[in-house]
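Q: Hi! Could you walk me through this model while I have it open on my screen?
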Amino acid sequence: MDFSHEPVLLKECIEGLNIHSAGVYVDCTLGGAGHSTEILKRLNSQGLLIGIDQDKEALEAAKARLSQVNSKGSFVTIHENFENIRQILKAQKIKSVDGILIDLGVSSYQLDNEERGFKYQEDAPLDMRMNQNIDFTAKELVNTWSKNDIARIIRDYGEEKWAVRIAEFICSAREETEIETTSQLVDIIKAAIPAPARRGGPHPAKRTFQAIRIAVNRELEVLEEVLPKMLDSLAKGGRLCVITFHSLEDRIVKQFINSKLGRCTCPPNFPKCVCNAVKELKVITPKIITPSQEELQRNHRARSAKLRVSEKV
Ligand SMILES: C[S@@+](CC[C@H](N)C(=O)[O-])C[C@H]1O[C@@H](n2cnc3c(N)ncnc32)[C@H](O)[C@@H]1O
């Protein structure tokens, strides 16, 4: 299996992290270790890189790759969900870190590994778990969740206007036989979306697959809950770099950063401020960072990437 994954917005992330050679940096989404390799290269013998990934296969490959990097810095790799950042740092006896990187979503090797069931273009078991130690799969979701819950995630996480119809078709199909494969699901989605709406635009299953993947891996819940923990874990002057790939993720990151800028939230008619807003973050990149034309030509996967960089004050 090829574990290569071209890192997105690499130069911009390295600049954003503002790496000090003796610092401690956490790559929450180690993946193919593309970003981590560049971080590690910049560390001296006092520097430490902590690489986290919930995908055990990816972690093993990343570990092998990082061992080849010519650096005086050290690294550890940890098989965990980054939602457990506090426990991870505690176990490493680390109180605070100088930079945190999150590069959300699935990696190319996860997508390209047919058995993982992320792709609507390939026939595979319906799985979509990033962490294969967890029992809950896409198959369980489509075969056991209520019609309303399926419609809700397809609408909210996939922004799919045919969500209710797709959920209805899934529920009637599963009465006949269990839905076990990506192809079965693709056929059901195609049957649910009227032919004229299927013409043009992206693959008809794209939005539903995205929604199911987000739900299986609790992606948005985890992101929302972890951002305050990330802020707590940063030292003063520490940087938080987050790359998102769709508007739902970006909205969570943007709202979190905005809520920590110390802006008064009192109603305008209050004579004086009572909310006592405290500034905890400052924005380093007021203009959201997107890939250059050159990167987009080289790496199709970068097309919807957005980077936000902020600093703990
Ligand atoms: C887009 S890839 C990262 C690629 C990496 N930056 C590189 O340059 O090679 C995302 C990785 O993060 C992992 N991941 C996603 N959500 C995670 C989470 N909540 N906890 C731990 N790992 C996660 C995935 O398993 C995947 O390997």
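Q: Which residues of helix 11 are buried?
A: The buried ones are R207, T208, F209, Q210, A211, I212, R213, I214, A215 and V216. Buried means that 20 or more other C-beta atoms lie within 10 Å of the residue's own; 12 or fewer is exposed, anything in between is partly exposed, and the C-beta atoms are placed from the backbone. Helices (H or I, at least four residues) and strands (E, at least two) are DSSP runs, numbered from the N terminus.

Q: Before I go on, what kind of model is this?
A: It is a predicted model, where local features need pLDDT of at least 70 and side-chain atom pairs count only at pLDDT 80 or more, while totals for chains, interfaces and linings use all residues. Residues are numbered from 1 along each chain as its sequence is written.

Q: Where is K93, and is it buried or exposed?
A: K93 is found in the loop between helix 4 (85–91) and strand 4. It is exposed, with 6 other C-beta atoms within 10 Å. K93 also has a positive phi, about 60°, although it is not a glycine.

Q: What about E159?
A: Phi of E159 is near 50°, again a positive value in a residue other than glycine. E159 is found in the loop between helix 7 and helix 8, and counts as partly exposed with 14 C-beta neighbours inside 10 Å.

Q: Switching to the sheet: what is the strand order?
A: The order is 3-2-1-4-5-7-6, in an open sheet of seven strands with mixed pairing. Two strands pair if DSSP finds at least two bridges between them. The edges are strand 3 (74–79) and strand 6 (281–283), each pairing on one side only.

Q: How do strand 4 and strand 5 run?
A: Strand 4 (residues 97–103) and strand 5 (residues 234–244) run parallel, joined by six bridges. G99 stands opposite R239 in strand 5.

Q: Which strands does helix 13 touch?
A: Helix 13 (residues 247–259) packs on the sheet and touches strand 5, strand 6 and strand 7 (306–312). Its direction makes about 20° with that of strand 7; axes are lines fitted to C-alpha atoms, for helices over the stretch in contact, and angles run from 0 to 180 degrees between N-to-C directions.

Q: What about strand 1, is each face covered or open?
A: Both faces of strand 1 (residues 24–27) are covered, with V24 and V26 buried on one side and Y25 and D27 buried on the other. Strand 1 runs parallel to strand 2, with four bridges joining them, and D27 stands opposite G51 in strand 2.

Q: Last one: how many residues surround the ligand?
A: There are 22, and the closest are P7, T29, G31, G32 and G34. Near means that the C-beta atom, placed from the backbone, lies within 6 Å of the molecule. Helix 2 (34–41) and strand 2 (48–53) each supply at least two residues of that shell.

Notes: Two residues are in contact if their C-beta atoms, placed from the backbone, lie within 7 Å.
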